[in-house]
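Let's take a walk through this structure together, from one particular residue out to the whole chain.

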Amino acid sequence: MTTLEQVGEARLMIDGELRGSGSGAVFENVNPATEEVLGVVADATAADMDEAIAAARRAFDAEVWSTDLDLRLRCLRQLQTALEEEKELLRAELIAEVGAPIALTYGPQLESPLADSLLWPIGRAADYPWERRIADGRAFGKSKRIVAKVPVGVVGAIAPWNYPFEIALGKLGAALATGNTLILKPAPDTPWNATRIGRLIAERTDIPAGVVNVVTSSDHARGEQLVTDPRVDMISFTGSTATGRRIMAQGAASLKRLFLELGGKSAQIYLDDSDLESALAVAAFSVCAHAGQGCAMPTRMLLPRSRYDEGLEIVTQAFRDLKYGDPTDFDNLQGPQISRVQRDKILGMIEQGVAEGARLVLGGGRPAHLETGWYVEPTVFADVDNSMSIARDEIFGPVLSVIPFDDDEDAVRIANDSEYGLSGMVSSGDLDRALAVASRVRSGTMTVNGGQWYGADAPFGGFKASGVGRQNGDEGLEQYLETRTIGMPLD
Ligand code: NAD
């Protein structure tokens, strides 16, 4: 078993220096599975954040970082090597502070991003068309015209607690490869994976001082400070839709560039010719992995009315069989919720579902055998009407709402009857029919007959209230680029 051999990094990283908060204040990092305090981390003041912003601004305006691609790629490779060398410590840390099931650290919590979140942007930046010539201009005589892609500037990168390393590394890879400087502000619940990145950058790379700053705080106001400060050109935010809306409103005064990756309420649709037995085998995992704390989880299950009872029975059994509990146990794909507040919020939403008349088929409470830790039972609601709160609101817990539909048209209508549009799944015995339905669902990613879209080369993001912009792939790099068009005399 992996153990936390070393206590996490408690220091901020500002302008190349590892140091405590200006006030000396710290806050606790708590293990959500054991409720034990793991240790502390610096609680940055407004003045600390101000220094971090000033450092990032200076590093962008006065240094070669934004123009020297070779330097950037060399530094990112150094960071990749340093992270790989501390992989097992990162794994232990993610299990301890995030409550991430160890099995998921071999995938999206750690090893997947380690395999490509830096390496893909490094590779793509090396051959990206930074400049292109367009047709000669004809306004006021002939001109040669060049379109150049240049970095946006100073990026405020605000991360959530659910997949903190993956999300932070995704932002770092794209923003740094394209020549921006950045302030990373992790969520208060999961600070150590970010401060570890900060330490590795300071100690193990030639990334110039100020290019990356890591600022932890127990106060969301430090995030807000990034949003309102005019020296910050762009906010790259992953988190709740409510906070995304607030960022958009508050960023308006300084016309912030925004990348917002927000909530979801995605639908998994099983057409009436599906092999339900095999297609539903992954349903429990798709909703309960990491205790349902993922924005792209397909938490609405749409079953054809003609096969509703059969499907409900299979999925309920799958939820019943799902192993959950201690995140250090390889068999458990569901661990705890991140905090007592989140657990209680989820239990409240389940109560509301019952009050609105949905049929609670399985779970719905705290597991009797797990007294310590912030766990919620895998939960299945049947006979859900798409207008109920459990079908509309992002619960961010292991809770499935099963909804009947009449035909393909009806399935598309219900899937799209949502404020969100992040992801989704369609299953059918006929791939063309599944693709036809998938193409009508208004969402940023779709899994068709089990196919996976995930990867640093694959654009990911939301339609509607699920966000603005894309991370990953060329679209993800371009999120961090401005376009400059230059006219000059013909050669
Ligand atoms: P949140 O969106 O409020 O916090 C995410 C990050 O934003 C944190 O780093 C936080 O410090 C920062 N932040 C908070 N308020 C800010 C502000 N006004 N300006 C700038 N930054 C700010 O999420 P939360 O409060 O930790 O969780 C609440 C709910 O959000 C969850 O129940 C879940 O539904 C949702 N959530 C969604 C995602 C996702 O990936 N879609 C991730 C985490 C949480």
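Two residues are in contact when heavy atoms of theirs lie within 4.5 Å. This is a predicted model, where local features need pLDDT of at least 70 and side-chain atom pairs count only at pLDDT 80 or more, while totals for chains, interfaces and linings use all residues. Residues are numbered from 1 along each chain as its sequence is written, and side-chain values use heavy atoms, leaving out hydrogens and water.

Start at Glu-261, where an unreviewed UniProt entry places the feature "active site"; such annotations may be inferred rather than shown by experiment. Glu-261 sits in strand 11, residues 257–261 (strands are DSSP runs of E, at least two residues; helices are runs of H or I, at least four; both are numbered from the N terminus).

Now look at helix 9, residues 221–228, whose buried residues are Arg-222, Gly-223, Gln-225, Leu-226 and Val-227. They pack against helix 1 (46–62), strand 7 (154–158), strand 8 (181–185), strand 10 (234–238) and helix 10 (241–251).

Stepping back, the chain has 18 helices and 22 strands. Of its 491 residues, 58% are buried. Among contacts between residues at least 6 apart in sequence, 73% join residues at least 24 apart.

Notes. Buried < 20%, exposed > 50% of the residue type's maximum accessible area, 1.4 Å probe, protein only.
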